[in-house]
Amino acid sequence: MLRHLTALRNETFRGYYVLDGVRCRAASGGGGDGRVRNGDGGGQEEEEQASRRAFALSRFNPAKRARVRSGDPEDSRARALRLRELQQAVRILEAMIGDMTEFVVFLTSHYPPVHRQPYSAHLFADKCMFARHMEKERVLEFLLQVELPGAARLGVLPIVGPAHIGKSTLVEHVCYDERVRNHFSLILFYRQNNLMNETVASFRDKCVIKHQTDNKASGQRLLIVIELLEDADEDTWNRLYSSERSMAQGSRMIVTSRSEKIVRFGTTDALRLKCLSTEAYWYFFKMTVFGSDDPGQHPKLASLAMEMASLMQGSFLFANIGAVVLRDHFDTQSWSRAVRRIRQYLQKNVSLFGECTDDIKDKDHPRFTWSLIKQKPDRYCMLYDIYERASQEEVPEIPYSDMLDGCAQPNGTYEILFWKSRIPPYLNYVCKCEIRDM
């Protein structure tokens, strides 16, 4: 059932993406691709073409279409291609829903209906986990499965993925599930950069109690969540795992990390979190940036937003931060300027480091950025490593969105609040920033 729903959801995202691409193309006059031109000469055009090759995300991406003029034979071929893509998306959706009677009866008899509210979806979209339902069910299945005779006493599930992809968010949502809280008498969290030189006693001292219950049905089962940035020392892991194997039958461990090396500790296949598909990410960004406004009523803005989404490379952080700035400047001129700034940002960082720097790649070099809105930025900032702070910890007062908005900041080096998450575990993302004159 979950696989079927996931496939249906993915094809729905794809259908929206293709349809929005056709609408954006029509809004741009049919000839171009809705891209805003810098007019900076041949060198700029060459860099832009290199940037497009480096950052193109999908063959359905309308931002990849070549620039052609209306009436040109190439334009006719592009129109025919878009029509075929749209027809293909419709055929796939029709095939998937063509024999759904029994499936719908099953759903309506077991689950309450969720009424469609397209223009209020933004009110809860940034307060819930987006498009990770299949992964959540995979973790729940691992935690709640009945032990077979002779099975390993302590099961370990590794969860691997790049920085800021949602590993902590996924685990937190799982631990908030009432079934998990009733199944385990104690849920412990251990958060460190790595797991090295820990004794059993020091490990337990650093664990934080996330949940505790006296429910007899829990059978004294324990759930230990180990969240790491890097790897774990082999000897330390073996020592801790041997000591924890004496826990009650049905106890579990979850280990999360950016490093693939932790996969070797698993007693089951690792769960690997990846970036959203281009189509799903566009749906998320569109909902976040337009809020209660219908994108169909703002075709020029939708076209610009679609290009921005293709340039943001799947980043949840940049989507949320950008949405704050764009909603405060809800006009074509500001959004066109934002598209140019994002392209310049990509080109600048590619020229310096040979690749785009974003919040997902775990790199040591800084990121260069500047105001998205000011017509002639007079300062730029260098962003260094983004790191997390718990909700109860003190955070800087200066938000990154103010810098993108063009609010004046004094020269110097200080911490800024990159983003404050609205969903569990309510992490604050902090970044060291250096402001310099242009």
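Which residues point one way from E5 and which the other way, and are they buried or exposed? Please take me through the surroundings of that strand as well.

Modeller: Happy to, and please keep in mind that this is a predicted model. From E5, Arg 252, Ile 254 and Thr 256 point one way, while Met 253, Val 255 and Ser 257 point the other way, and all are buried. The strand covers residues 252-257, and because six of its six residues are buried, E5 is largely enclosed by the rest of the structure.

Let us turn to the neighbours of E5. Strand E1 (residues 155-160) is joined to E5 by six bridges, and the two run parallel. Leu 157 has Ile 254 as its bridge partner in E5, and Val 156 has Met 253. E4 is also paired with E5 in the parallel sense, here over five bridges. In that pairing, Met 253 of E5 is the bridge partner of Ile 224.

Going on past E4 brings us to E2. Strand E4 (residues 222-228) and E2 pair in the parallel sense over seven bridges, and Ile 187 stands opposite Leu 223 of E4. E2 itself, residues 186-192, is mostly covered, with five of its seven residues buried. The next pairing is of another kind: E2 and strand E3 (residues 208-212) run antiparallel and are joined by four bridges. There, Phe 189 stands opposite Val 208 in E3.

Put together, these strands belong to an open sheet of six with mixed pairing, in the order E3-E2-E4-E5-E1-E6. E3 and strand E6 (271-272) stand at the edges with a single partner strand each, so one side of each has no neighbour in the sheet.

The structure holds 14 aromatic pairs. One of them is formed by Trp 237 and Tyr 241, which are stacked at 5.9 Å centre to centre with 15° between the planes. Both residues lie in helix H10 (residues 234-244), four residues apart, or about one turn of the helix. Trp 237 counts as buried because its relative accessibility is 5%, and Tyr 241 is buried too, with a relative accessible area of 15%. Trp 237 has a further ring partner: its ring centre is 4.5 Å from that of Phe 265 and the planes are at 25°, so this pair is stacked. Here the pair links distant parts of the chain, since Trp 237 is in helix H10 and Phe 265 is in the loop between E5 and E6, 28 residues apart. Both Trp 237 and Phe 265 are buried.

Among contacts with a separation of 6 or more, 76% are between residues 24 or more positions apart.

Terms used:
Residues are numbered from 1 along each chain as its sequence is written. This is a predicted model: local features need pLDDT of at least 70, side-chain atom pairs count only at pLDDT 80 or more; totals for chains, interfaces and linings use all residues. Side-chain values use heavy atoms; hydrogens and water are left out. Contact means heavy atoms within 4.5 Å. Buried means under 20% relative accessible area, exposed over 50%, partly exposed in between (1.4 Å probe, protein chains only). Two strands pair if DSSP finds at least two bridges between them. Rings of Phe, Tyr and Trp (its six-membered ring) pair if their centres lie within 6.5 Å; planes under 30 degrees apart count as stacked, over 60 as edge-to-face and the rest as tilted.
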